[in-house]
Amino acid sequence: MTRPSTGSILLGLIPFTATCFSVSLWDRIYPMVFGLPFNFFWLLLWLFLTPVCMWGAYRCEVPRMNGDQGQEGSPR
Amino acid sequence: MSPSIIALTITSVIVLIGSLLGFLARFHHKMDLEQWTVAGRGFGLVFVWLLMAGEIYTTFTFLGASGWAYSKGGPVLYVMGYAPLMYVVSFYILPPLWEAGRKHGLQTQADFFHVRYGSKYLAAFVALVGVLCLIPYLQIQVTGLGLIVEVASFGGIHRTLAMIIGVALVAGFVFVSGIRGVAWVSVIKDALLLITVVFIGIAIPRIYFGGVGNMFAALASAKPDHLVMPGSTKNLGHLWYFSTVFMTAFGFYMWPQYFAAAFTAKSAKIIQRNAIIMPLYSITMSFVLFVGFCAVLVLPHLSNGDLALLTLVRKTFPAWFLGIIGGAGALTAMLPAAIQLLAGATLYAKNLFRPIFAPMMTDPQVARLARIMVVVLTLGALLFAIFTSVSLVSLLILGYAGVAQLFPGVMLGLFSKRVTTAGVFAGLAIGISIAALLMLTGHDPCYGLNAGFIALSINFTVTVLVSAVTAVRVSGFEQPSLAVAALTRGNSSRV
C-alpha cells in the first residue's frame, strides 16, 4: 500500500491540533462570537476549515493516485 | 382528532414510506452476498455520501447529544470535536482499504484481517469483537425508537410495542434489500432530519429567548459553568475531552458497518471527496445542541436528559409537527439499526460461523445464514432493550472502546510491512481486556483519561513490541495466491 505523502499528513494534522490537542486554549465562554460561546464557535469554525485542509491534502494526493492507476491498470 | 392521533398518524406514514422505499430498493438487483453487503461496489459519490451521512446521525446524536447538552453541558462539545477528525482519519485509511477490498473481494472487516494476516482465527476474533460491540449499539437504536414513538404518541403507544413494530420493519427491509435498502431509506430520512433539525434549532431559541445569541447570553449569566468543561459533571475535563476525541476519531471507522461502507464505493477518489465534504454535514449537529442547551433554562427539572429535545418540541409545537419529528426520529433509529444488523449478521455468518464451524458452506448458504442472523440479532437487541435498564451512554462508550482496539491492526496492516499476526492478536486481546476491565469496574474515566484511550495506547505498544520479536509473514495483499486461498471458497469466481 502506498503511504500518504508527508504534505497531506501535515495538512491533516492541522485540524487535529486545532480541535483536539489544544482544548485548554479555546474552552472558554468569552469572547462570544456571533452569539455563540467561544468554544462552540471555535469547533463550528473548524467544521468549515477542516474541508479546506483536506482539500489541500487531496491536491497533494491526486498526482500520486493517478500515477498508481497508470501503472497497475484496472483489473476489471 | 386528538393530538396524539394526529402525531401518531404522521409518524406512522413517514415510517411506512421509508420502509417501503427500503423494500423496493431490491428491484432489478439479484441479491447475492456481494449485492446484499456491498451493493456490487457500484455506489457513486451521492450514494456513498448518503450511506455515510445516514450513519452519523443515529439516535445517540439526535437524542443523546441534545440530552448531554442538557444534563452535562460543556463535555457534549466532544461530539463536534470528533466529527471532522474522524473524516480526516478516513481520508487516509479508507482509500487503501477500498483498494484492498476491490483487489481481494473483501466484504467485511474480518475479511480484511483474514487476507492481510492470513489467519482465520484472528478474523473470527475480529468478527466476534465486532458483533459483541454492535449489540449495545443496536440496543440503543431500539430503545431510542421506543422513546421517540412513545413521546410522539403522547404516551398512546407503549415503548415496547413501538420497539417491536419498528425493529420488525427494519429487519424486514434488511432481510429483503440489504445495503441498497439502507441507502434508499437514507434519502428520505436525511432530507426530513436536516430540515426539521435546522428548523427547531433556530425556532426554539427564538421562541423562548428571541434568538440563539440571547439564549447563550442568558445561559452564560445563569449557569456559566455549564457551558465549559467539565460542565455539570465532575470528571469530564480537558484530559477526558482530548482522550475521548482522539479515541473516537480513530475508532469511528473501526465500527464494522462503517468500515464495510467503504467497500460500496465505485472508486477511491469518491471516498476521499466524501471525506472532504462530510465535516460540513456535521454543522447540523450544532442545531441539535442549541435545543439541548435551550432546555436547560426552559425545562430545568427533567428526570431523563435524553428526552430533552422531544419534550421541548412537544411543549413548543403543534401535534402534527411532533409527528414529523417523531417520524424523522424513528427513521434515524431504524436506519443505523439496519446497517448494524447487516454488518453484524454478515460478520457472524461469513467470518465466524463458516471458517470455524462449517468450512464447506457455499456462498449462497452463507447469505441465507446471514439473513437468519438478521432475525436473531434483532430479537436479541429487542430483548436487551426491553429487559435491561443499563444506561445507554455507558453501553455506547463500551462499544466504542471495544471497536477502537481494531485500529492498530488496520492501520499497521495497511501501511507497515513489519507488523505480525501474533502482534495484532496480542495487542487486540490486551486492549479489549483492559477496556472491558476498566469500564465494567467503573474506572472510566481513569485518571481523567478515557478508558478506551488508555486501552488503545497499551494495545498499540503491545502490537508493536510483539511484532518486533515475532517472525514476519508476507502480507496477504502482496501475495495474491495466499489471499485467494485465505478467503475460502466462493469468492474465487470474482478473482
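How many helices and strands make up the secondary structure of chain B? Chain B has 21 helices and zero strands. Keep in mind that this is a predicted model.

**Chain B on its own terms**
- Chain B runs to 495 residues, and 64% of them count as buried.
- Take the contacts in chain B between residues at least 6 apart in sequence: 85% of these link residues at least 24 apart.

**How much of the two chains meets**
- Chain B puts 49 residues into the contact, and chain A puts in 42 residues.
- Together, chain B and chain A bury about 4000 Å², and carbon and sulfur atoms account for 74% of that.
- On the chain B side, B:Y92, B:I276 and B:F415 supply 15% of the area buried against chain A, more than any other three residues.

**What holds which place at the interface**
- Seven residue pairs are in polar contact between chain B and chain A, counting pairs with both residues at pLDDT 80 or more.
- As for salt bridges across this interface, the rule finds zero.
- Several helices of chain B give two or more residues to the side touching chain A, among them α5 (78–104), α12 (268–281) and α18 (407–415).
- α5(B) gives the most to that side, with 13 residues.
- By type, the chain B residues on the side touching chain A split into 35 nonpolar, seven polar and seven charged.

Methods
Residues are numbered from 1 along each chain as its sequence is written. Chains are lettered from A and ligands numbered from 1 in the order in which they are written. This is a predicted model: local features need pLDDT of at least 70, side-chain atom pairs count only at pLDDT 80 or more; totals for chains, interfaces and linings use all residues. Side-chain values use heavy atoms; hydrogens and water are left out. Contact means heavy atoms within 4.5 Å. Buried area is the accessible area (1.4 Å probe) that two parts lose on being put together, summed over both. A salt bridge is a side-chain nitrogen of Lys or Arg within 4 Å of a carboxyl oxygen of Asp or Glu. A polar contact is a pair of N or O atoms within 3.5 Å; within protein, one must be able to donate a hydrogen and the other to accept it, and residues adjacent in sequence count only if both atoms are side-chain atoms. Helices (H or I, at least four residues) and strands (E, at least two) are DSSP runs, numbered from the N terminus. Ala, Val, Leu, Ile, Met, Phe, Trp, Tyr, Cys and Pro count as nonpolar, Asp, Glu, Lys and Arg as charged, and the others, Gly among them, as polar. Buried means under 20% relative accessible area, exposed over 50%, partly exposed in between (1.4 Å probe, protein chains only).
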